[in-house]
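Hi,

Here is the structure I said I would pass on to you.

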Amino acid sequence: MNLKLRFWISGVALASTLALAACGGSTDGAASGSATKLNVSTAGEALQFAPAALNATAGQQVQVTFKNGSTAQKHNWVLVKGGDAEAQKVDDAGATAGEAAGYIPTDPNVISSVKLLEGAASGTASFAAPAAGNYTFLCTFPGHYAAGMKGVLTVK
Ligand code: CU
């Protein structure tokens with residue numbers, strides 16, 4: 001084999017290796033860059049979320065799509081930094097904030113939220129999942145949390 005041909009062959013091998021590496025790299029990038037998508041909704045006029053249990057991985061980007069399945073009632077979806085005690089504080093602050101604010105208060109206990117939705121409407125919330133733990137989510141429309149409209153996001 002002459003030197004020129006050997007050089008050409010090694011060049012082709014190197015180009016193939018680089019092409020494969022670039023391909024694998026972009027696939028990995030797409031996987032780690034896409035958000036974990038979670039869906040939650042209400043069924044009819046029931047004051048409850050389905051499912052009431054959601055799961056996420058700490059630090060991972062999460063996109064929650066909330067669909068208000070009611071025809072007559074408005075609902076929102078609010079994730080709080082804590083459990084029932086924090087949810088109660090956010091619920092109280094939401095009532096004070098009023099309908100103009102969608103009953104969603106500007107409050108350090110709120111991690112993320114989907115705005116107050118009319119019946120049959122959908123909305124999304126995007127956030128980075130917090131540290132491992134259990135986080136309550138609720139609807140802060142007056143009276144709904146008290147009626148049991150809540151759930152838990154478990155982060156591992
Ligand atoms: Cu509600």
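Two things before you start. This is a predicted model, so mind the thresholds: local features need pLDDT of at least 70, side-chain atom pairs count only at pLDDT 80 or more, and totals for chains, interfaces and linings use all residues. Residues are numbered from 1 along each chain as its sequence is written, and side-chain values use heavy atoms, with hydrogens and water left out.

On naming: helices (H or I, at least four residues) and strands (E, at least two) are DSSP runs, numbered from the N terminus. His-75 and Cys-139 are both buried, where buried means under 20% relative accessible area, exposed means over 50%, and partly exposed is in between (1.4 Å probe, protein chains only).

**The two sheets**

Two strands count as paired if DSSP finds at least two bridges between them; the axes behind the angles are lines fitted to C-alpha atoms (for helices over the stretch in contact), and angles run from 0 to 180 degrees between N-to-C directions.

S2 and S8 run parallel and are joined by 4 bridges, with Leu-54 standing opposite Leu-153 in S8. S7 and S8, on the other hand, run antiparallel with 6 bridges, and Thr-136 has Val-152 in S8 as its bridge partner. Strand S2 (residues 53-56) is worth a look for its two faces: Leu-54 and Ala-56 are on the covered one, Ala-53 and Asn-55 on the uncovered one. In a regular strand, side chains alternate between the two faces of the sheet.

The other open sheet has 3 strands, ordered S1-S3-S6, again with mixed pairing. S1 and strand S6 (122-128) are its edge strands, each pairing on one side only. S1 and S3 run parallel, joined by 6 bridges, and Ser-41 has Lys-67 in S3 as its bridge partner.

**The aromatic rings**

How many aromatic pairs does the structure hold? There are 5. Rings of Phe, Tyr and Trp (its six-membered ring) pair if their centres lie within 6.5 Å; planes under 30 degrees apart count as stacked, over 60 as edge-to-face, and the rest as tilted.

Phe-49 and Phe-66 make an edge-to-face pair, 5.5 Å centre to centre with 65° between the planes. Phe-49 is in the loop between S1 and S2 and Phe-66 in strand S3 (residues 61-67), 17 residues apart, so the pair links distant parts of the chain. Phe-49 counts as buried because its relative accessibility is 4%, and Phe-66 is buried at 0%.

Trp-77 and Phe-137 form a tilted pair, 5.5 Å centre to centre with 35° between the planes. This pair also links distant parts of the chain, with Trp-77 in strand S4 and Phe-137 in strand S7, 60 residues apart. Both Trp-77 and Phe-137 are buried. Ring pairs link Phe-49, Phe-66, Trp-77, Phe-127 and Phe-137 into a cluster.

**Glu-45**

Last, zoom in on Glu-45, in the loop between strand S1 (36-41) and S2. Is Glu-45 exposed, partly exposed or buried? Glu-45 counts as partly exposed because its relative accessibility is 37%.

Leaving aside neighbours within four places in sequence, Glu-45 is in contact (heavy atoms within 4.5 Å) with Ser-70, Thr-71, Ala-72 and Gln-73. Glu-45 and Thr-71 are 26 residues apart in sequence and 7.4 Å apart in space, C-alpha to C-alpha. The Glu-45 side chain reaches the backbone nitrogen of Thr-71 at 3.0 Å, and also makes a polar contact with the side chain of Gln-73 (3.0 Å). A polar contact is a pair of N or O atoms within 3.5 Å; within protein, one must be able to donate a hydrogen and the other to accept it, and residues adjacent in sequence count only if both atoms are side-chain atoms.

Cheers
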